Amino acid sequence: MKTSKTVEILVGAFVAAALLALFFLAMKVSNLGTLDTSDTFEVVARFDNIGSLKVKAPVTMAGVEVGRVSSIGFDQERYQAVVKLAIYRRFDRIPDDTFAKILTAGLLGEQYVGLDPGGSDTFLEEGSEIEITQSAMVLEEVIGQFIFGKAKEEKQ
Amino acid sequence: MTEVLARLGAGWILAVRHLGRSLLLLLRILEGVDELLLRPRLLVEQLFSVGVLTVLIIAVSGLFVGMVLSLQGYYILSQFAAESALGVMVAASLLRELGPVVTALLFAGRAGSALTAEIGLMKATEQLSGLEMMAVDPVRRVLTPRFVAGFIAMPLLAALFSALGVLGGWFVGVGLLGVDDGTWWVQMQARIDWNEDLSNGVIKSLVFGFVCTWIAVFQGYNSVPTSAGVSRATTRTVVHSSLAVLGLDFVLTALMFK
């Protein structure tokens, strides 16, 4: 039997190592280290069709993540999707005539919101709305348009 | 015909009786927790034999499970030119399933069987009766510290397993197979959610720790006090714990991940 001092030291080392492992998993492996939900402001964007956009999808500008989709709702009067975007507060100089579109990462990848800056001197802030939006590309619609166009060509 | 029915009934009644007894034992064990807080030294001793002595097998298994996951995942993902998702795959399977489950299986084999054998032998050599003679409650003095130590040690061991698995996978994926280091970590952080993946894994390991130690302690305390009885109890601990862990894992997964 080891002396009780050694036992105590080893148990302490075990607990410390395990907590370190948990910390590593939280900060380095999961998104807890990159998460800053508290420091965001919310803007609204309306889309005719959001495709398969999901809550928590990234919001990017020039490819850089500037926020996340915080909620998705449906407006029964205008039959549009109401997407709330949580933008990180440090990006406080995004013009309020910014253009929002839903894009797809890769061929089969998830969908995200891309922002193209406008030229206005006033900036987006809590509660403001992005007026100009572009819907997600739905594959069936694109193919449908293509076939429709082809048929028209042949008629002429 | 009636013979068969009688057998079935007897088996069923025995199973229910065991369940009831183990529940009552659990209540008695939990009643002793407040006393244990006054004597933390008992807990530290048990944490040593349940936790520290299990670290080696957990660490080595975690490392190799991570390495194998990375190797196999790479072969499949590279066929779809999706090697960049290797880190996500390794981390998600470790955090959600393999970390808690494999740790619990190893824990039942290494620590659970030792607990059962120790308690069973204490009973066989009448040390437990001896304690009772000295007006010391053997449940509080012997079982409670072991149960609490197992409950604490299991999630810590599972965290070690997962962390070392991720590092082992990183070593094979990034070090040997040439997946980009930045992609590995960035994709992982983007896709692994601390609430969805990490917390649920920790909850799983807590449940498994609770069940495994409960089974081990009960089998030891309930064993027939002979050498054959102790050996049977030890076997039962490993078998019952493994089945309980795998069955519970399915239920927990179905409840947690939608």
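## Helices and confidence

Helices here are DSSP runs of H or I with at least four residues, and strands are runs of E with at least two. By that rule, chain B holds nine helices and zero strands. Its pattern along the sequence is α-α-α-α-α-α-α-α-α.

The model is predicted. Chain B has a mean pLDDT of 91, and 100% of its residues reach 70 or more. For the complex, the predictor gives an ipTM of 0.82 and a pTM of 0.79. Where pLDDT is low, predicted coordinates should not be read in detail.

## Chain B as a whole

The C-alpha trace of chain B spans about 65 × 55 × 30 Å along its principal axes. Chain B has 258 residues, and 42% of them are buried.

## Helix α3 against helix α4

Two packed helices are described by the angle between their axes and the distance between the axes. In chain B, take helix α3 (residues 40-79) and helix α4 (residues 86-124). Their axes come within 9 Å and cross at roughly 145°. The crossing of α3(B) past α4(B) is right-handed. The residues in this contact are 16 nonpolar, seven polar and one charged.

Which residues meet here? From α3(B) they include Val50(B), Ile57(B), Val65(B), Leu69(B) and Leu77(B). Glycines take part too, among them Gly66(B) and Gly73(B). From α4(B) they include Leu86(B), Met89(B), Leu98(B), Phe107(B) and Arg110(B).

Ser49(B) also sits in helix α3 of chain B. It is partly exposed because 18 other C-beta atoms lie within 10 Å, a count between the limits of 12 or fewer for exposed and 20 or more for buried. The C-alpha atoms of Ser49(B) and Ala114(B) are 9.0 Å apart, although 65 residues separate them along the chain.

## Helix α4 against helix α6

Helix α4 of chain B also packs with α6(B). The axes of α4(B) and α6(B) come within 7 Å and cross at roughly 145°. This crossing is right-handed. Its contact residues divide into 20 nonpolar, eight polar and one charged.

Trp170(B) belongs to helix α6 (residues 138-176) of chain B. Is Trp170(B) buried or exposed? It has 23 C-beta neighbours inside 10 Å, so it counts as buried. Trp170(B) and Leu86(B) are 84 residues apart along the chain, yet their C-alpha atoms are separated by 9.2 Å.

Ile215(B) lies in helix α8 (residues 194-221) of chain B. Why does Ile215(B) count as buried? It has 25 other C-beta atoms within 10 Å, and the cut-off for buried is 20 or more.

Which residues does Ile215(B) contact, leaving aside neighbours within four places in sequence? They are Gly112(B), Thr237(B), His240(B), Ser241(B) and Ala244(B). Ile215(B) and Phe147(B) are 68 residues apart in sequence, and their C-alpha atoms are 9.7 Å apart in space.

## Positive phi in two loops

Glu126(B) has a phi near 60°, a positive value in a residue other than glycine. Glu126(B) lies in the loop between α4 and α5 (127-133) of chain B. With 12 other C-beta atoms within 10 Å, Glu126(B) is exposed.

Where is Ala62(A)? It lies in the loop between β2 (58-61) and β3 (64-75) of chain A. Ala62(A) has 9 C-beta neighbours inside 10 Å, so it counts as exposed.

Chain A is divided into domain 1 (1-30) and domain 2 (37-144). The C-alpha centres of these two domains of chain A lie 44 Å apart.

Note on methods:
Residues are numbered from 1 along each chain as its sequence is written. Chains are lettered from A and ligands numbered from 1 in the order in which they are written. This is a predicted model: local features need pLDDT of at least 70, side-chain atom pairs count only at pLDDT 80 or more; totals for chains, interfaces and linings use all residues. Domain bounds come from an automatic or database domain assignment. Axes are lines fitted to C-alpha atoms, for helices over the stretch in contact, and angles run from 0 to 180 degrees between N-to-C directions. A crossing is left-handed if the near helix is turned anticlockwise from the far one by less than a right angle, and right-handed if clockwise. Two residues are in contact if their C-beta atoms, placed from the backbone, lie within 7 Å. Ala, Val, Leu, Ile, Met, Phe, Trp, Tyr, Cys and Pro count as nonpolar, Asp, Glu, Lys and Arg as charged, and the others, Gly among them, as polar. pLDDT is the predictor's confidence in each residue, from 0 to 100.
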